[in-house]
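Visitor: I would like to learn how to read a few features of a protein model, beginning with a single strand. Could you take me through them slowly?

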Amino acid sequence: MCTLEKRGSLFILTLTGDTKKDQEHRLNPDLIAAIRSALSEVKSQSVNGSALVTVAEGRFFSNGFDLKHAQAVGVKSGSFEAAGMELLRMVDLFRGVVADLLSLPMPTIAAVTGHAAAAGMILAMSHDYVMMTSSRAVMYMSELDIGMSLPDYFTELILAKIGSPAAKREVMLRAAKVGAEEAVKMGIVDSAHGSAEEVFSAAVKKAEELAARKWSGAAYAGIRKAVYPEVCKLVGVKIEPVVPSRL
């Protein structure tokens, strides 16, 4: 499901999968728990000057929530409502991943080497920086196309991260499939690269540059939270003042 590697001051979180189906990295309760466990380990091992890069194997960064898992719960219980309730449970569980990333005491970079759809796009956007391949990937909020409203914290994160009203409309009210170059123009992505390998290399380079500043992790997380106060409120993250250990 995912692995965590430490390279000096950097943490590399990789979403893994042995089959094409697994490499869609659909967010179900097990994968959400695995990501949260890895982020908890990152936080516990962090020092001033740490940084995180998140990447995924295969053609997808993440294809969103695992709808087949929710459907299977409904079939097992013999209830369509049970499938809907399981989807809502995954929405609530994933809230914790966004909270963990907003609280992480270090810069975070998403290396989007494949498609990022729905909750997968939110996973990418929950990082401080997003690098994306232009060869085989789109960003896509698919909720409108499947007849689902956006969770409150999804909407607030998009509003906070995307500045242009036109870009917000394209993402949320048109369900546009946005390629890397267009995503850069819209302010969703920081840079576009020709291949998955180039994306990962650029993400690691950015992480190393940021880690070299050796900022206080507590201060970095505190400022990040203050930049996104409404998102923090919706995912249950408290904003508290941070002062230097020595004055």
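Guide: All five of the five residues of strand β5 (residues 108-112) are buried, so the strand is largely enclosed by the rest of the structure. Buried means under 20% relative accessible area, exposed over 50%, and partly exposed in between, with a 1.4 Å probe and protein chains only. Helices (H or I, at least four residues) and strands (E, at least two) are DSSP runs, numbered from the N terminus. Please keep in mind that this is a predicted model, in which local features need pLDDT of at least 70 and side-chain atom pairs count only at pLDDT 80 or more, while totals for chains, interfaces and linings use all residues. Residues are numbered from 1 along each chain as its sequence is written, and side-chain values use heavy atoms, with hydrogens and water left out.

Visitor: Which residues point one way from β5, and which the other way?

Guide: In a regular strand the side chains alternate between the two faces of the sheet. Here Thr108, Ala110 and Val112 point one way from β5, whereas Ile109 and Ala111 point the other way, and all are buried.

Visitor: With which strand does β5 pair over three bridges, and with which over four?

Guide: Strands of a sheet pair through backbone hydrogen bonds, either parallel or antiparallel; two strands count as paired if DSSP finds at least two bridges between them. Strand β3 (residues 51-56) pairs with β5 in the parallel sense over three bridges, and Ala110 of β5 is the bridge partner of Thr54. Strand β7 (residues 129-133) also pairs with β5 in the parallel sense, over four bridges, and in β7 the bridge partner of Ala110 is Val130.

Visitor: In what order do the four strands of the open sheet stand?

Guide: Their order is β4-β6-β8-β9, and the pairing is mixed. Because β4 (60-62) and β9 (177-178) stand at the edges with a single partner strand each, one side of each is left without a neighbour in the sheet. Strand β8 (residues 139-140) runs antiparallel to β9, joined by two bridges, and the partner of Met139 in β9 is Val178.

Visitor: What covers the buried residues of helix α10?

Guide: The buried residues of α10 (residues 217-227) are Gly217, Tyr220, Ala221, Gly222, Arg224 and Lys225. What covers them includes α3, β5, β7 and α11 (229-235), where contact means heavy atoms within 4.5 Å.
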